[in-house]
Amino acid sequence: VHEFSKRNERPFVTVDCGAVAHTLLEAELFGHVKGAYTGAESASEGRIVQADGGTLFLDEIGELPLDLQTKLLRFVQEREITPVGGNKTRHVDVRIVAATNRELKDEVAAGRFRQDLYYRLTVVSVQAVPLRQRPEDILPLARHFLEKFAAQNGSPCRDLSGDAVDLLLHHPWPGNVRELQHTILRAVLMCDTETIHATDIELHPETETATAPATPLATS
């Protein structure tokens, strides 16, 4: 979405709404002024401002607390933000792309996600196909992760053996790409040869009957 848009020369900024503590998420998104809270020894512009002119990717937006959903809705509508502890607004122009593994319609019905924010974000929606339904992607992704993690960890691993390839292709991947990513990382860390074999790959059979969650993508 970002690379094939007119914004591709501007920043692409990612915020994992499920990985940042809720007490810090507002400042992470909207920034803060110096002294806004204990430990705020200097001002921070926040991730939304960092994405100005480009794309802001809100991963796991279903984890966003309701009070922050209200503030995000105002930003989506007005394209203006006020940093934590501040009293001056700033106009910011970003494209918002949001993803979640939750079914947001169910979250709206349960009162955990604002209906107005849901409809405001859902301009274009894309349903991500589970990895088990696109097996042609398994090996390219596995080799990408292998190259990445080998470089990061100084590992000699450079290739996958035939039996490793067969194992990866026949696993149902209920955890989708993240499960594949973590599986390759474990193999890289545990293997001390140039080739990863099936015996170096640890899969979790207790997850094989799990249902992979839907991952809709919303853009605004």
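Predicted model: local features only at pLDDT ≥ 70, side-chain atom pairs only at ≥ 80, totals over all residues.

Trainee: Which element gives the most residues to the largest nonpolar core?
Mentor: That core has 29 residues, and Leu 58, Ile 61 and Phe 75 have the most contacts inside it. Several elements supply at least two residues each, including strand E1 (12-16), helix H1 (22-30) and helix H3 (66-78). With 5 residues, the one that gives the most is H3.

Trainee: How many residues are in the other core?
Mentor: Look for Phe 145, Phe 149, Trp 173 and Leu 180, which are among its members. This core lies apart from the largest one, and its residue count is 21.

Trainee: Is Gln 69 buried or exposed, and which backbone oxygen does its side chain reach?
Mentor: Gln 69 sits in helix H3. Buried means under 20% relative accessible area, and Gln 69 has 0%, so it is buried. Its contacts beyond four places in sequence include Leu 64, Phe 113 and Leu 117. At 3.1 Å, its side chain reaches the backbone oxygen of Arg 112.

Trainee: Within what arc do the buried residues of H7 fall?
Mentor: Helix H7 (residues 162-170) has Ala 164, Val 165 and Leu 168 as its buried residues. They line one face of the helix, because seen down the axis of H7 they fall within an arc of 100 degrees.

Trainee: Which exposed residues are on the face of H7 turned away from its buried side?
Mentor: Start with the buried side, where the cover includes helix H6 (138-153) and helix H8 (176-190). The face turned away from it carries the exposed Gly 162 and His 170.

Technical notes:
Residues numbered from 1 in each chain as written. Heavy atoms only, no water. Core = buried A, V, L, I, M, F, W, Y, C linked by side-chain atoms within 4.5 Å. Buried < 20%, exposed > 50% of the residue type's maximum accessible area, 1.4 Å probe, protein only. Helix = DSSP H or I, 4+ residues; strand = E, 2+ residues; numbered from the N terminus. Polar contact = N/O pair within 3.5 Å; in protein donor to acceptor, adjacent residues only side chain to side chain. Contact = heavy atoms within 4.5 Å. Arc of directions from axis to C-beta.
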